[in-house]
Structures are given as structure tokens and as C-alpha cells.
Amino acid sequence: MVEKHIRSIFLEYPEVIYGFTDIAYSAYAGAYQSALVYAVPYGELLTIETYTEEKFEKGIQDAKKVVEKIGAQLIQVLDEYHVKYDIPPVAQSNEADLEAPFSFKFAAVNAGLGWIGKNDVIITEKYGPRVRLSAILINEQFEYGNKILMSNCPENCKKCVEVCPYHALHGVQWNIDAFRSEIIDYRLCNEKRSIYLKTHGRKNACGLCMAVCPFGT
Ligand code: SF4
Ligand code: SF4
């Protein structure tokens, strides 16, 4: 059975958090029944005290290698069972609204991996926001995780909001119906991160609002 086989892959990666969700809410619903979402912790779990751009970038790249390794194993199993699947692109294809065609973050919330913090990223209980998300659309039913509907950020925590040098975060508590624009000025954040891209040759240099989060430290 394909679900059992997929779950056995994750036994090899006890540090990785994963879950399944139905994707009836998504534009892909007609073609695929479910998504498998997994969150790989960054190589080094930085705090604001240990944070540097270089270490943050390395942590992401280390996690990316694990993401790719797991992805290859999943594909092998899905091919073996002749199950239809697709790996949606991680980055936005639409520069107008800066949204990816399939949101890993929203799938992660629906699969029960975490909630969206006041920094507009997924927050897991175990690692906070220090995870790299990946997802595979699969045309099969699974035992689904429990959808998370509300933020678990403490009401009075504003650490991420206050650390942002550009004041891109609005300090708004997320719930499942919240719009991204209520939480973050994503154009401003993206623009500032793009400046890093030009000057340092990489995109994810700014991770201040993640490094400061008390969850996972
Ligand atoms: S990534 Fe940087 S610029 Fe964007 S919201 Fe977080 S702290 Fe602000
Ligand atoms: S720093 Fe505080 S408010 Fe921001 S995401 Fe983490 S727990 Fe939530």
C-alpha cells in the first residue's frame, strides 16, 4: 500500500515533520486528491544571537539537500505504484501577486504541520519557522492531518514584527481565513530581499524575522 510505503521513508528521517492533506480547496483539485507536505529543519537552527546571513543561507541549502533526497525516494515509490503525482514549483511564477501556483505554506497548515506566524511563514512547534517546506501533489487518498485554523503565536509576542528593518510586518494574528496582505507587506519584503540578491548574489539573506522567533529554540 502506497501510504505505508511513503510513511516508511519518513522513518529514516525522524527530524522531518510531514503530513497529508486533501486539496479540495486548490486549483489542482480536479487532477489530484491530496498533497504530501514535509518540513525539513534547517541545518543549523539559528537564533537572533547566532544569526548571520551566511549561516542562514547555509542552513537553507543544507535543508534543501535533504528535501531533494526525500523527494527522489518519494518519486521512486510513486512510480513503483503507478500513482499520478506532480511536484509544484516552489517559487512564485506570477510576479504581479508574488504567489506560487500551489502554496506549500497553506498545504502545511491544512496538513497540520503548523500555523502562519506574524512573520507570514509556517511556524512549527518543534523548530519554529526554521524549516524548508516541500510538497507533492498525489492522486490518491491518505489519512489526513488535522487542519490548523488559528495561530498559536502568543498574543503579546511582537519579536518578528519589531526586528524587521523595513517594518514590513503588520503584527496581525493569523487565522485560516486571513489574507497574506493583512499580515505582511510582501512587496516591500520581496523588494528588500531582492536588494540582498543583487548585492550578495543570493536571495534568502534576510531571515531576521525567523531567527528571532522563540518557537523551536
Ligand atoms: S524577511 Fe526580512 S524584510 Fe522580510 S519581513 Fe522578515 S525581517 Fe522583514
Ligand atoms: S516571533 Fe512571536 S509573533 Fe513572530 S512568529 Fe514567532 S511567536 Fe509568532
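User: Where is Glu53 found?
Analyst: Glu53 is found in helix α2. Bear in mind that this is a predicted model.

User: Buried or exposed?
Analyst: Glu53 is buried, with a relative accessible area of 19%. The cut-off for buried is under 20%, so at 19% Glu53 falls inside it.

User: How far is Glu53 from Leu208, in sequence and in space?
Analyst: The two are 155 residues apart in sequence. C-alpha to C-alpha, Glu53 and Leu208 are 8.9 Å apart.

User: Back to α2. Which strands does it lie across?
Analyst: Helix α2, residues 53–80, lies across β2, β3 and β6. Its angle to β2 is about 145°.

User: And α1?
Analyst: Helix α1, residues 2–11, lies across β1, β2 and β6. It runs at about 155° to β1.

User: OK, the sheet itself. What is the strand order?
Analyst: The order is β1-β2-β6-β3. The sheet is open, has four strands and pairs antiparallel.

User: Which are the edge strands?
Analyst: β1 (17–22) and β3 (85–86). Each of these pairs on one side only.

User: How many bridges are there between β1 and β2?
Analyst: Six bridges, in the antiparallel sense. One of the partners: Ile17 is bridged to Ala39 in β2.

User: And between β2 and β6?
Analyst: Eight bridges, antiparallel again. Val37 has Ala135 of β6 as its bridge partner.

User: That leaves β3 and β6. How many there?
Analyst: Two bridges join β3 to β6, and the strands run antiparallel. Tyr85 is partnered with Ile138 in β6.

User: Why is β6 called largely enclosed?
Analyst: Because seven of its eight residues are buried. The rest of the structure encloses most of β6.

User: What comes just before it? Where is Pro129?
Analyst: Pro129 is in the loop between β5 (122–123) and β6 (131–138). Pro129 counts as buried, at 2% relative accessibility.

User: What does Pro129 touch, leaving aside its neighbours within four places in sequence?
Analyst: Its contacts include Tyr42, Asn119, Val121, Ile122 and Ile123. Met210, Cys213 and Phe215 are also in contact with Pro129.

User: How far is Val109 from it?
Analyst: The C-alpha atoms of Pro129 and Val109 are separated by 13 Å. Along the chain they are 20 residues apart.

User: New topic. Which residues are around ligand 1?
Analyst: Cys164, Tyr166, Leu169, Cys189, Arg193, Cys206 and Cys209. By class, that shell has six nonpolar residues, no polar ones and one charged.

User: Is Cys209 buried or exposed?
Analyst: Cys209 is buried, at a relative accessible area of 17%. Cys153 counts as buried too, at 15%.

User: Last topic, backbone angles. What is the phi of His82?
Analyst: Positive, about 55°, although His82 is not a glycine. Most residues other than glycine have a negative phi. His82 is in the loop between α2 and β3. It counts as exposed, at 74% relative accessibility.

User: And what about His167?
Analyst: The phi of His167 is near 55°, also a positive value in a residue other than glycine. His167 is in the loop between α4 (159–163) and α5 (180–183).

User: Is His167 buried or exposed?
Analyst: His167 counts as exposed, with 61% relative accessibility.

Note on methods. Residues are numbered from 1 along each chain as its sequence is written. Chains are lettered from A and ligands numbered from 1 in the order in which they are written. This is a predicted model: local features need pLDDT of at least 70, side-chain atom pairs count only at pLDDT 80 or more; totals for chains, interfaces and linings use all residues. Side-chain values use heavy atoms; hydrogens and water are left out. Two strands pair if DSSP finds at least two bridges between them. Contact means heavy atoms within 4.5 Å. Axes are lines fitted to C-alpha atoms, for helices over the stretch in contact, and angles run from 0 to 180 degrees between N-to-C directions. Buried means under 20% relative accessible area, exposed over 50%, partly exposed in between (1.4 Å probe, protein chains only). A residue is near a molecule or strand if one of its heavy atoms lies within 4 Å of it. Ala, Val, Leu, Ile, Met, Phe, Trp, Tyr, Cys and Pro count as nonpolar, Asp, Glu, Lys and Arg as charged, and the others, Gly among them, as polar.
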